Each structure stands twice: as C-alpha cells, then as structure tokens.
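Take a look at the sequence and the 3D structure below. Then follow the helices, one step at a time.

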Amino acid sequence: MASSLTTDIVHGPPPPPTRNFGGGDGEPGGRGAHRRASMTGLLVLLAASVMLFAAFTSAFFVRRGMSNDWVDTPLPNILWINTAVLLASSLAIELARRALRSGKRTAFDRYWTGATILGVIFLGGQYLAWRQLNAAGFYLATNPSSSFFFLLTCTHAVHLLGGISALGYIEVQALLLRLGPGKRTAIDVSGYFWHFLDAIWIYLMALFFFWG
Amino acid sequence: MSSPVVHPAHHAPTGFIRRYIFSLDHKVIGIQYYFLAVFSVFLGMALSVLMRFHMVYPDAKVSLFEKLWPTGAPGGIMTPELYLSLMTMHGTIMVFFVLTTAPQSGFGNYFLPIQIGAEDMAFPVLNMLSFWTTFLALIVMVAAFFVPGGAPLAGWTAYPPLSAVGPLSGPGEGLGQTLWIISIAIFCGASLMGAINFIATTIDLRARGLSMMRMPLTCWSWFVTAILGLLGFAVLLAAGVLLLLDRLAGTSFFLPAGLLVSDQILNHKGGSPLLWQHLFWFFGHPEVYIAILPGMGVASQLLATFSRKPIFGYRAMVYAILSIGFLGFFVWGHHMFMSGMNPYSAFAFSILTMSIGVPSAIKTFNWIGTLWGGRIQFTTAMLFALGFVSLFVTGGISGIFLGQPALDLYFHDTYFVVGHFHMIMGVAAIFGMFAGTFYWFPKVTGKFMNETLGKIHFYLTFIGVYCIFTPMHFLGIAGNPRRYADFTNFDFMGKLMPVHTFMTHSAIFTMVVQFIFLFNLFWSIKKGKPAPINPWNATTLEWTIPSPPPFDNFAGKHPVVNHGPYEYSVPGAAKDYIMQSDPA
C-alpha cells in the first residue's frame, strides 16, 4: 500500500445486491443520505423521548399502586381547550406541508405561522392550568398524583419549547424567503416531531383522565 | 462506476478555536473525548489509591489530606465520610467519564465514520455539542469536591434515602449530592446526542457496498452500544429528575413515610426507595455493556488482524453482540436480589442473567477459535487484546456465581462483587482502550508508539491488576464487607488484613506503572517512529487513507467496499490480506 488514495479505493464493479437497510447502497454524502440520516436521527430522538415518558409512567403506576396517599388531581377544564388547540396546530402543520407540496408558498406561510401561534397559545393555556390547580391547592409536592401531573406536563412543555423553536426556525427561514428544497427535510422533521408531541399529549391526557 | 464520484472537498477551518476547541471534525472530537477520559482515569485512579491507603493505614496522619480536605481529614486523618465520598467519586468518574466516554465516544467518534467510509458524523454540530456537554458535566461533577460539605457519599448508584434527604444524612449530601445529580442529568443529555449521531451515521452514511454484514465488528459494537445508551440514559435522566425533585421540591417519589434521620422525622410520605433501584438498574445494567461492548469490538478486530485469520464466526459474533445488548435490558433485577424481591422474580432475573452467558461464551470461543492455528504477532496492541479476553473470562465467571440469588445473598455486600465488576467492567474495558490506543495510534498521529515501553507497561499492568482484584474474591468468600472505611476494629478481619495490605501495595504499584503509558503516549506523539499508512497490514477502510487522515477523511472521494472486514490469509490471494476496498 504505497499510496493512500489509489484508484482501487474508488473503482471496482458495482457491489452485489445485498439485503440491507439505510446506507451502503447509495451515494453517501449527497442530499439523499443527509435526508435519510435526519429522519433516522429524528426516530432515534423520538425513541429517547418515549423511553423518558415510559420511565415516568412506570414510576407513576408503581407509586400509585403502593400507597394510600394518592388523591386524584382534578383536571382543569382548560386542558380540554388546550388539547383542541394542540390538535389544531398539528392540523395546520399538515395543511402547511400539503400547501408546500402544491407550491403554494403563501398558504404555507399562513398555515405554518398559524401552527406556531397555536403552539404558543397551548403553552400559555398550560400555564393557566397550572395556576388554576395552584389556586385549588394542588402544588408539585401536595401528593403523588399532583407531583406526577406537574412533572409530566412540565416535561411535555419542555419538549414543546424545543418543538416551537424548530417551528420558529422554519418560520424565520420562510419569511426570509430561504425555503429552498434543502429545507424540506427540516420542515418534515419538525412537523413529525410536532405530531409526536401531540401524540404524547393525548397519551398524557388519557393517563390523567383514567388514572388521575 | 465508470469514474470516481468526486465531491468538492471540504475545507478545514483555519482558526485555532474552530479547529481545535469548538471543532466539528469527528476526529478532533474523538481526541477531545479521549483526553477527557485520560484526565478522568488518572483522577479516578488517584481517588482509588487514597481509598486503598486509608483501608490499610486508617490512623495515618498525612498533612496533605488536611490541606486538601480541612473538614474531611482533620489533623490529617481521613474521616469515614471522606472515604465514602472518595468511593462515590471514584465510581462515578470511572463509570461515566472513563468507561462510557473513551471506548464509545472517543474511539467511536474517530473511527466509526472512517471505517464506514463517511466524511464525518451525520450531525457534526450535535457531535460538538455532545462533547462540550460532557465536558460541562465533568466540571459540575468535579465541582462537588469544592462545595461546602464536599463530595457526595451515596455511591455511584446514589440509592435513596441516603441520596434524597439532603445534608441531614451526611456532609456531602447537601450541595455535593445535588451537583452529582445535575452532572449526571447533563451527562445523560450528552449521551443522547451522541447516540443519535452514532445510530444515524451507522445506518445512513455507509459507503457503497458496505452492507451491515460487512461492517467491522468495532462498528457493530459502537452501533449497539449507542442503542443501549439511547434507551438507558433516557431512563436514568427520568430517575435523576425524580430524585432531584425529592431533594429540592419536597415530593415523595423515593422517600417513605416516617423516615427518621439524625433525630428528625421527615415530612415525606409514601415513596419507595426500591423504585429508584429499579429505574437506576434498568439503566445500570445496560451501562455495563456500554462499557464493555466497544472493548469486545476492538478485541475482535485485533485478534483477527494479529492472528492473520478471519474472525471465527463473524455472523455469530454480530448476533452475540445484538443478543447481549437485547438481554441486557431484562436482567436489572439481579442487582436487587438483596432488596426483598419476590423469589419468583429473582428466579426469572437469574435465568435471564445466566442466558447472557451464552452469547458471552460464543464470543469467547470465537476469539479462541480466531487465535487457533493463527500466525500470531505479539504486538503490544495484541497483548492488550489478549489481556482483555483473559480479564473478560475471569470477571465473567464470577458473574455466574453472583447471578444466582442464593449465592448473591451471601456475596452481595462483600468484596467478591468489587472484584467481579472491576475485572469485567473496569479493567477489561480499560485493556480494550489500551489495545485500541496502541492499534490506532499510528493512524491518528502517523507514528508508532514505543513497543518496548508498551510491552513493559502491559506485563506490569497485567500482573498488577490481577494482584489487586483476584484476592478480592477470596476476601469476599471470607465475608469481608464492602463500602467499609476501616476494617481494623473487627476481630474476624484480623487475619485478612495482610491481604488488604498486599492489594494496596499492588494498587500503588499499578498506578505508578501507568505513568509509563502516559510517558509513552506523549513521547510517541513527538518522537515516535514514523508509521506507514497500513502498518499492521489490516483490511478496514481507515488503513487506506494517510496518517493522520485529512480533514474530510477520503479527500472528497467515496470509497467502494467489495469485501468483508476480515479477509486474511485467503487462499490464492496475492497477499495474506485483502482490503475491504480492493477490487472484487
């Protein structure tokens, strides 16, 4: 091996077809690979988030099952409005992505901005829900049920802040007219992440509603 | 493929800060991780020697101790609390900042992209953030030494109630323990970022022709380790948040009612300390494999290269790595046999634990099969790989004892466990790092490390670690409890003290020997013998590019892989090895 970048590195007949997933069969380094990697990265991130919520959930049930000091936390009605707002924002994201696919850039901007604003309204609504619970005498340390309520809603809110930052980034790019094809991956990734936060929220509502 | 696809080469950043400090280059980040681990391992080693010193000479007055810890060592005599804080910090620094950092984030960052023919990791910015977050976690952890009350006492496992009730339970349990939890939470975030990069890179950035089943076993082990880290650290983060809330916000996740600490009844009620143990060990057991799997990958790579033989049973090795990783998530209960667990649960955890012996034995037999009939070259790197196999077997066999509830009840709180996990998780993984260092040093620097110094270092270290940790098993069988600061007040311990003295002297000897390695490392960077591009006649892609590799690894070209990773001594081939990128 006298020289490093001899042509035998790059030449050679096409490799035999292999059962495979992901790379190893395409051109690495191109946009396609980057998009695939971004999607994989997103899935991995979602897996980590699922594990985080799964760990909290298992603690939730263990803690609930082992003591008699569990007092169900009454769900403030505003949470139902918040749920509707979050679902509406996910819908807006989907409409925006469809609009972009049909090349309607103005419609995209409108829907995407709507989704971002709805996301911020959801966070504001969550804050109101926390204040209402505080007014009713429920704090983080009041009893295990309220501890888990605040813990899980705050964890979700922190995730949502990340989601809003992603939506905001796209928003700024759209307003600066920098939304080239290269940004499609970013749009899809933040869109999927946003839907995931939706799903987590519905899961949390079910958890609170049925098991308090 | 009529002509090579040449993309415009990346240009290396020119400023010092972008190039060496906040670098996006996976190679620089890998080296940063490596030296973070080197710093941490010497710190952790110093702590362990202080512990061993105290155990044997508990009444020694050392003025240095008083200078370092005015309250922890008044008059130069270590308090038991100081001993416990040294133990906690030794374990934490070694497990998180050495065993999790160097084999995976250090070597993996440097060589995963090169071995799969990529220019860089999938997300370079995330990669940089991951390193600097780890660095921040280390700063916060070390800061625990310097806050009022000092470092925490609750061990690297931080069991509540001790870790959850605050300064009432000991001097280090105030701010020190809080910093510990915060540092671990930061570390979890860093590990998640790293895992995202490793998994996306492995799946999506492999070169043309490099199918999963053509990946070197090092890449497989980094890939599976990343999955373990991803799933494990998320759960540890959750547990850490709960513990922090118990400490700071008055919740009762882990703290039961009526807890009496230092004559005060605490307000908490209804929590369960066992809940922490379940969450912690759900992370903690996979963590053991996070530490050891990359070492297994390196050992496989080196045994094949230096035996000039294909790895015995490549597919079996891959499936063994996957099944070790998978089973690792179902055995956490074997750390909790002592917790009053239902014997039927203990039985199930025990059976699952034993079943990990199967893939582990497959790996061991395949390593031996690889060596069998090979033309073995005893380079320093190979010696450390063989040392790894030796330590893995020695440490693994004692695991079969501990995996049985009936025996574990006796052994659990004795030195048997200390001997077991140091052999398999600590020293074996460190040998994997030494092996990797000697093997890849020529690629990273373009120079060889000194083989004579390397061999002296290997033999002395190998003898030293066996002298430290083998006697621990006998002490454990004799009933020597662990986590005690001082054994001199127990009659039954009298006859065992000479063994402790021997272990302490061995530990000091082994520590001194490590400076040979440190000297060799830095001396060779400056004055090592120049190395050719492929000094070991190895087959994987990193040996096709110059040493040190250029900024974008393959200078804008995309390698094509036509061969498996271990084609040594192929009958009829011109040389005794075929590189992965050689024409088919």
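Are H14(B) and H15(B) roughly parallel or roughly antiparallel to each other? Start with the geometry. This is a predicted model. In it, the axes of helix H14 (residues 415–445) of chain B and H15(B) cross at roughly 165°. The axes come within 7 Å. Angles over 145 degrees count as roughly antiparallel. H14(B) and H15(B) are therefore roughly antiparallel to each other. Their crossing is left-handed. On the H14(B) side, the contact includes B:Tyr415, B:Phe416, B:His422 and B:Phe438. On the H15(B) side, the residues include B:Gly454, B:Val465, B:Phe469 and B:Met472.

Now move along chain B. Helix H15 (residues 451–477) also packs against helix H16 (residues 497–527) of chain B. Here the angle is about 155°, and the axes are 9 Å apart. So H15(B) and H16(B) are roughly antiparallel to each other. This crossing, too, is left-handed. H15(B) brings residues including B:Leu453, B:Gly454, B:His457 and B:Val465 to the contact. Among the partners on H16(B) are B:Val499, B:Phe502, B:Met503 and B:Phe517. Look at B:Gly454 again. B:Gly454 takes part in the contact with H16(B) and also in the contact with H14(B). B:Val465 is listed in the contact with H16(B) and in the one with H14(B).

In soluble globular proteins, nonpolar side chains tend to be buried together. In this model, the largest nonpolar core has 221 residues. Which helix gives the largest share of this core? Helix H8 (residues 217–248) of chain B does, with 22 residues. The residues with the most contacts inside the core include B:Ile199, B:Leu230 and B:Ala435.

A:Ala99 sits in helix H2 (residues 78–101) of chain A. Why does A:Ala99 count as partly exposed? Because A:Ala99 has 18 C-beta neighbours inside 10 Å, and a buried residue needs 20 or more. Beyond four places away in sequence, A:Ala99 touches A:Lys104, A:Ala107, A:Phe108 and A:Tyr111. A:Asp109 lies ten residues from A:Ala99 along the chain, with 9.1 Å between their C-alpha atoms.

Finally, check the confidence. The mean pLDDT of chain A is 86, and 85% of its residues reach 70 or more. Over residues 1–22 of chain A, the pLDDT is below 50. That stretch has 44 contacts in the model beyond near neighbours in sequence.

How values were computed:
Residues numbered from 1 in each chain as written. Chains lettered and ligands numbered in written order. Predicted model: local features only at pLDDT ≥ 70, side-chain atom pairs only at ≥ 80, totals over all residues. pLDDT = per-residue confidence, 0-100. Contact = placed C-beta atoms within 7 Å. Helix = DSSP H or I, 4+ residues; strand = E, 2+ residues; numbered from the N terminus. Buried ≥ 20, exposed ≤ 12 C-beta atoms within 10 Å, placed from the backbone. Core = buried A, V, L, I, M, F, W, Y, C linked by C-beta atoms within 7 Å. Axes fitted to C-alpha atoms, helices over the stretch in contact; angles between N-to-C directions. Parallel < 35°, antiparallel > 145°, perpendicular 65-115°, else oblique. Left-handed = near helix turned anticlockwise from the far one by under 90°.
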